[in-house]
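Please work through the exercises below with the structure in view.

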Amino acid sequence: MTLAPGRGKKVKLDRLAELSAVRDDERGVSLWREAMRRLRRNPAAIVGAVILVLFVLVAVVGPFFVPYGTTDTMGIREGVVKSGQGIIPGPSADHWLGYDHQGRDEFSRLVVGARQTLIVGIVSTLIGLTIGVFLGGLAGAAAGLGGRWGRALDNVLMRIVDMMLSLPSLLLAVSVAALLGPSIVTVMIAVGVVSVPIFARLLRGSMIAQANRDYVLAASSLGVRGSKIAISHILPNSLAPVIVQATLTLATAIIEVAALSFLGLGNPDSAVPEWGLMLADAQPYLGIRPGLAIYPAVGIIITALGFTLLGEAMREALDPKLRR
Amino acid sequence: MFRFIVRRLLQLVPTLFGLSILLFIWLHRLPGGPETALLGERGTPESRAAIRESLGLDEPLPFQYGRFVKRLIQLDLGTSISTKREVTTEFLQRFPGTVELTIMAMVIAIGVGIPLGYLAARRRGSLLDQASVGGSLLGTCVPIFFLAYVLKAIFAENLGWFPTIGRQDASIEATHITNFFVLDGILTREWDAAADAIWHLILPGIALASIPLAIIVRITRASVLEVLGEDFVRTAEAKGLTERTVRRRHVLRNAMLPVATSIGLLTGLLLSGAVLTETVFAFSGIGAFIRDAISNLDYPVLMGFIMIIAVIFALVNLLVDVSYSLIDPRVRVR
């Protein structure tokens with residue numbers, strides 16, 4: 001264990017527990033630092049990271065440099081795009097990816113869509129993460145430390161999580177849409193809430209595993225209060241799998257958002273380009289210009305792949321079974 | 001074993017009860033309601049009130065809930081507000097299609113996933129291994145509906161190998177008993193009808209299977225790799241058992257537990273994925289019906305649907321738990 005060297009030192013007894021939890025972040029042997037070292041040697045992680053850096057760069061900076069406005073229906077104005085007659089010109093020197101069905105510049109929309117996709121993915125994952133960490137943390141703390149009442153609370157919380165697990169995401173999304181009207185916020189809430197059970201279960205399981213560790217015993221025998229042990233000792237040590245899952249959830253969130261947009265639950269107004277909606281809008285023109293569906297789909301696939309590669313590599317790097 | 005199953009079924013009751021209360025409150029809280037769907041925006045306040053009264057929606061919620069439970073115990077899910085037909089009848093007509101599609105996807109995912117994951121682990125580092133690891137990473141990243149469109153465009157529209165839409169060719173006059181078209185064909189010995197129904201299931205089945213397949217390959221590979229490193233496998237090899245015996249009795253059997261767990265959890269994912277796939281292939285399952293029910297807030301249909309999904313989910317996971325003891329005799333279900 002990496003905690004071992006710290007224990008031999010003559011440190012003040014009442015700080016022992018805090019040190020074993022916090023102090024090893026400050027030394028070279030920490031779990032995170034070792035994980036970083038192994039991540040850098042994993043080609044899959046490098047590929048994933050490069051994809052994500054490029055994606056974030058495009059999403060943040062790209063919209064300032066796009067050649068055309070995303071709502072400018074120049075193709076129809078100039079008479080080159082006639083979707084009704086099946087005329088949608090493809091890539092050219094002026095329009096790198098051609099026009100979309102409403103005569104707008106496809107390349108500009110794709111770049112601006114990256115920002116929207118990134119925001120939607122991050123916000124929905126944060127929603128799931130926040131609620132999930134709250135529920136799972138409470139259940140884990142209650143189960144690990146709380147005695148009879150704690151176990152009862154844990155039981156109730158986990159049954160609620162089980163119920164959430166059996167709710168189809170689609171139904172949830174549509175009922176949120178009925179409440180707020182179809183919009184991108186609706187989709188973010190629905191996708192976020194669907195990921196709550198995974199986060200809650202992971203954190204709870206990981207906290208229960210930590211509750212039997214020596215440093216928890218040390219802290220509690222020193223008289224540290226149960227709630228303090230849970231929040232400042234067990235929780236920080238249990239977050240690794242949750243962070244890995246958050247990276248992987250970003251990938252599924254982007255795909256789920258696309259699916260819900262595809263079903264017409266997202267922003268009904270296509271003025272703000274979003275990859276899922278672009279994909280849905282392209283369906284009637286698949287026979288004429290399959291590219292209109294392929295570009296956003298490839299964008300979704302590559303981005304999701306970046307998050308998945310990095311997430312899987314992080315999981316491997318943080319897996320104690322694989323540590324040397 | 002029997003007592004275990006009975007106890008698990010009894011445990012299902014309070015969970016379903018809680019779920020139904022939560023859903024009932026949530027659904028009835030939503031603005032709009034069936035009267036908006038029936039009358040559109042034109043309805044006068046009086047006609048709206050009349051409809052709410054005729055449907056019993058003006059009564060207090062606890063009272064409505066009590067009525068729902070009373071009927072549920074008699075396996076009566078009520079009458080659909082928009083189609084005016086029994087919800088049970090509607091479901092019996094439409095659910096089989098979705099279930100067939102889900103089963104097809106599961107068969108593909110398990111039938112391809114477990115052997116592929118196993119081979120990848122046995123030949124670790126080989127081209128096959130790298131391809132299946134890469135493929136399974138990619139598989140989880142492709143949106144189902146996009147894959148469905150691509151498959152449809154290539155194999156149905158361009159190459160013409162598979163039908164583009166529907167569950168069965170209109171030219172086939174098949175007798176339907178259960179509405180499980182494949183089963184019907186077998187029961188009535190109309191083999192061409194059964195074959196045609198299977199034919200219609202293949203493309204949507206593959207599209208729907210993509211994510212579960214990727215997950216099963218990955219879990220099987222990881223699990224087999226772990227078991228291959230165990231002492232008992234080396235012992236079995238050392239005492240001269242044939243490779244076949246080691247593989248079947250020692251490696252596969254021990255590696256299957258995590259795979260079985262993941263299969264249970266994938267059921268929910270599959271059922272909601274089925275709605276997307278059905279849309280692309282105009283496959284007449286429950287998908288379109290549920291989408292309409294959602295936009296019309298057809299309470300009886302929605303409540304019934306979620307209850308059935310929850311029961312299926314619970315039953316599949318019970319089946320998974322029972323299968324543990326078949327896979328591994330050390331696991332005793334109590």
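The exercises that follow concern a predicted model.

**Exercise 1.** Describe how helix H10 and helix H12 of chain A are placed relative to each other.

*Solution.* Two packed helices are described by the angle between their axes and the distance between the axes. Step 1: locate the helices; H10 covers residues 196-211 of chain A, and H12 covers residues 226-238 of chain A. Step 2: consider the distance; the two axes come within 9 Å. Step 3: consider the angle; the axes cross at roughly 120 degrees. That angle makes H10(A) oblique to H12(A), because angles from 65 to 115 degrees count as roughly perpendicular and those over 145 as roughly antiparallel. Step 4: state the handedness; the crossing of H10(A) past H12(A) is right-handed.

**Exercise 2.** Determine which residues form the contact of H10(A) with H12(A), and classify them.

*Solution.* Step 1: on the side of H10(A), the residues are Leu203(A), Ser206(A), Met207(A), Gln210(A) and Ala211(A). Step 2: their partners in H12(A) are Ile234(A), Leu235(A), Asn237(A) and Ser238(A). Step 3: sorted by class, this contact has 5 nonpolar and 4 polar residues, with no charged residues.

**Exercise 3.** Summarise the architecture of chain B.

*Solution.* Step 1: count the elements; chain B has 13 helices and 0 strands. Step 2: consider the extent; the C-alpha trace of chain B spans about 85 × 55 × 40 Å along its principal axes. Step 3: consider burial; 37% of the 334 residues of chain B count as buried. Step 4: consider the contacts in chain B with a separation of 6 or more; residues 24 or more positions apart account for 73% of them.

Definitions and conventions. Residues numbered from 1 in each chain as written. Chains lettered and ligands numbered in written order. Predicted model: local features only at pLDDT ≥ 70, side-chain atom pairs only at ≥ 80, totals over all residues. Axes fitted to C-alpha atoms, helices over the stretch in contact; angles between N-to-C directions. Helix = DSSP H or I, 4+ residues; strand = E, 2+ residues; numbered from the N terminus. Parallel < 35°, antiparallel > 145°, perpendicular 65-115°, else oblique. Left-handed = near helix turned anticlockwise from the far one by under 90°. Contact = placed C-beta atoms within 7 Å. Nonpolar A, V, L, I, M, F, W, Y, C, P; charged D, E, K, R; others polar. Buried ≥ 20, exposed ≤ 12 C-beta atoms within 10 Å, placed from the backbone.
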